[in-house]
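Subject: Structure handover

Hello,

Here is the structure for your own work. My notes follow below it.

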Amino acid sequence: SLQREKDDRVSNLILPDVVSYSSVISAYASCLDRPFGLKRAEELLSELEGLAEKECNESTIDLNQHQNHASKPSGGGRHPDGFQLNSTVYNALLQAYANAGDTSSAEKLLDRMISLHSRSLKEGGGGPFKKVRPNTRTFNVVLNTWAKSGTREAGAKANELLLKMEDMSAAYRDRINQPDIITYNTVLAAWSKSAGYGPTPSNTKEIVGEEAAYKTLELLDRIENQSYRIKPDRISYSTTIAAFANA
């Protein structure tokens, strides 16, 4: 019948999904026109979040009305996860912020990921954001943004983020967001940059100069004495030495 032919055509359509959105977001995030590219990537991510929520709500209704769900045509060329987001989508935009040296936007997006994942846990571990969990790469990208910023507060900010990462890793007891040697070396590099600044009388709480250099030594000692697999490498030691040279 004509209706069956129509349904067949609809079912064979290649509909947008999380993969297609992720690809376009990544493309905009690496656009040569950085301000325009970042703006479009942010807009698309926000749009994808909305679609994910809508799809999740519709799926819930379909489960409650199973008889209607069976007759509903679906996109044959669509990813099985539909619009469900994952960390990879956010990591692409985070990398773009890192390339732009935008520490503020990178931290805000990381906090957003943590908030969305916490919301999922409160909903029983389901919902549209259950796969939006910051992983080791997520944290490393944001840490690298601080290390490359070379600002006075780089060391303190990176160390604060490291502690948050370690707390999350301990809470989940898995390796999805466990710090690796890149993580620790990046924080050491951030402290090394802060070591190059002298203290200012107006801000006695700042950790810069020699105090920052000793923070690299403290962190190096902590890495050496960890019970699990991570051990310092050549970069760890050379970065710590550079911190004292900077101070």
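In α9, Ile181, Asn185, Leu188, Ala189 and Ser192 meet Ile235, Ser236, Thr239, Thr240, Ala242, Ala243 and Asn246 of α11. Contact here means heavy atoms within 4.5 Å. By class, this contact of α9 with α11 holds 6 nonpolar, 6 polar and no charged residues. Ala, Val, Leu, Ile, Met, Phe, Trp, Tyr, Cys and Pro count as nonpolar; Asp, Glu, Lys and Arg count as charged; the others, Gly among them, count as polar.

Before more detail, some ground rules. This is a predicted model: local features need pLDDT of at least 70, side-chain atom pairs count only at pLDDT 80 or more, and totals for chains, interfaces and linings use all residues. Residues are numbered from 1 along each chain as its sequence is written, and side-chain values use heavy atoms, with hydrogens and water left out.

Overall picture

The protein has 11 helices and 0 strands. Helices (H or I, at least four residues) and strands (E, at least two) are DSSP runs, numbered from the N terminus. Along the sequence the pattern reads α-α-α-α-α-α-α-α-α-α-α. Of the 247 residues, 40% count as buried. Buried means under 20% relative accessible area, exposed means over 50%, and partly exposed lies in between (1.4 Å probe, protein chains only). Take the contacts between residues at least 6 apart in sequence: 72% of them join residues at least 24 apart.

α9 with α11

Back to the opening pair. α9 and α11 (residues 234–246) pack at an angle of about 10°, with their axes 9 Å apart. Axes are lines fitted to C-alpha atoms, for helices over the stretch in contact, and angles run from 0 to 180 degrees between N-to-C directions. The two helices, α9 and α11, are therefore roughly parallel to each other. Angles under 35 degrees count as roughly parallel, over 145 as roughly antiparallel, 65 to 115 as roughly perpendicular, and the rest as oblique.

Thr239 is a residue to look at on the α11 side. Thr239 is buried, with a relative accessible area of 13%. Thr239 touches Leu188, Ala189 and Ser192, leaving aside residues up to four places away in sequence.

α8 with α9

α9 also packs against α8 (residues 154–172): their axes come within 7 Å and cross at roughly 155°. That makes α8 roughly antiparallel to α9. α8 passes α9 in a left-handed crossing. A crossing is left-handed if the near helix is turned anticlockwise from the far one by less than a right angle, and right-handed if clockwise.

Which residues meet here, in α8 and in α9? From α8 come Ala154, Gly155, Ala156, Ala158, Asn159, Leu162, Met165 and Glu166; from α9 come Thr183, Tyr184, Val187, Ala190, Trp191 and Ser194. They divide into 9 nonpolar, 4 polar and 1 charged.

- Ala190 sits in α9 (residues 181–194). Ala190 is buried, with a relative accessible area of 0%. Ala190 touches Ala147, Ala154, Gly155 and Ala158, not counting residues up to four places away in sequence. From Ala190 to Ala156 the C-alpha distance is 8.1 Å, across 34 residues of sequence.
- Gly155 sits in α8. Gly155 is buried, with a relative accessible area of 0%. Gly155 touches Ala190, Trp191 and Ser194, again not counting residues up to four places away in sequence. Gly155 and Lys193 are 38 residues apart in sequence, with 7.1 Å between their C-alpha atoms.

α5 with α7

α5 (residues 87–100) and α7 (residues 136–149) pack at about 10°, axes 9 Å apart. α5 and α7 are therefore roughly parallel. α5 passes α7 in a left-handed crossing. Asn91, Leu94, Gln95, Tyr97 and Ala98 of α5 make the contact with Arg137, Thr138, Val141, Val142 and Thr145 of α7.

An exposed residue

Pro35 lies in α3 (residues 34–64). Is Pro35 buried or exposed? Pro35 is exposed, with a relative accessible area of 61%. Pro35 and Ala100 are 65 residues apart along the chain, and their C-alpha atoms are separated by 9.2 Å.

Best wishes
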